[in-house]
Amino acid sequence: MRTLITIVAFLSFGLLSEIQAQEKHEILSPQEFCDKMKSDDVQIIDVRTPKEYKNGHIKNSTLINFFDDDFKEQLSKLPEDKEILVYCRSGNRSGKASEILENLGYKDVSDLRGGMLLWEKAKTDCY
């Protein structure tokens, strides 16, 4: 029985390590995201819908609707020489978008933890 528990624990740890190794993009707090926004070498991408964007967005962000048929193609046109900062409403779509960007070969991708829901509650100096 102990051997079985040891094997299961070992396999679980290995699987967790593999999942973490696949996630290359940084997940930033609102303040960290804000700090990175101050650089000239960033591209801020909002992957929400046009309606969500119209109701409020982070300054200097570009809308690329996650649900557009050509979403991946639009992402592929982003500059490769800038850090890409991605956000959405809660962090779900931006996490998926960050993975797509990494699969497209982008090396410097960061995602806003908690999306606009957390951003609006945070007290940063980026308003």
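Two strands count as paired if DSSP finds at least two bridges between them, and strands (E, at least two residues) and helices (H or I, at least four) are DSSP runs numbered from the N terminus. With that in hand, welcome to a predicted model, in which local features need pLDDT of at least 70, side-chain atom pairs count only at pLDDT 80 or more, and totals for chains, interfaces and linings use all residues. Residues are numbered from 1 along each chain as its sequence is written, and side-chain values use heavy atoms, with hydrogens and water left out.

**Strand β4 and its partners**

- In β5, Val 109 is the bridge partner of Ile 84.
- Strand β5 covers residues 109-112, runs parallel to β4 and is joined to β4 by three bridges.
- Strand β2 (residues 42-46) also pairs with β4 in the parallel sense, over five bridges.
- Within that pairing, Glu 83 of β4 has Val 42 opposite.
- Helix α5 (residues 92-103) forms a right-handed β-α-β unit with β4 and β5; right-handed here means that, with the strands pointing away from the viewer, the path from the first strand over the helix to the second runs clockwise.

**How β4 is enclosed**

- Buried means under 20% relative accessible area, exposed means over 50%, and partly exposed lies in between (1.4 Å probe, protein chains only).
- Strand β4 (residues 83-87) is largely enclosed by the rest of the structure, because five of its five residues are buried.
- One side of β4 carries Glu 83, Leu 85 and Tyr 87 and the other carries Ile 84 and Val 86, and both faces are covered.
- Cys 88 is buried as well, at a relative accessible area of 1%.

**The disulfide**

- A disulfide is a covalent bond between the sulfur atoms of two cysteines.
- Searching the whole structure for cysteine sulfur atoms within 2.5 Å of each other turns up one disulfide.
- That disulfide links Cys 34 and Cys 126, with 1.8 Å from S to S.
- The link of Cys 34 and Cys 126 is right-handed, with 90° about the S-S bond.
- Cys 34 sits in helix α2 (residues 30-37) and Cys 126 in the segment after α6 (115-121), so the pair ties together parts 92 residues apart in sequence.
- Cys 34 is buried at 0% relative accessibility, and Cys 126 is buried at 7%.

**Lys 121 in helix α6**

- Lys 121 belongs to helix α6 and is exposed, with a relative accessible area of 66%.
- From C-alpha to C-alpha, Lys 121 and Pro 30 are 9.2 Å apart in space, while 91 residues separate them in sequence.
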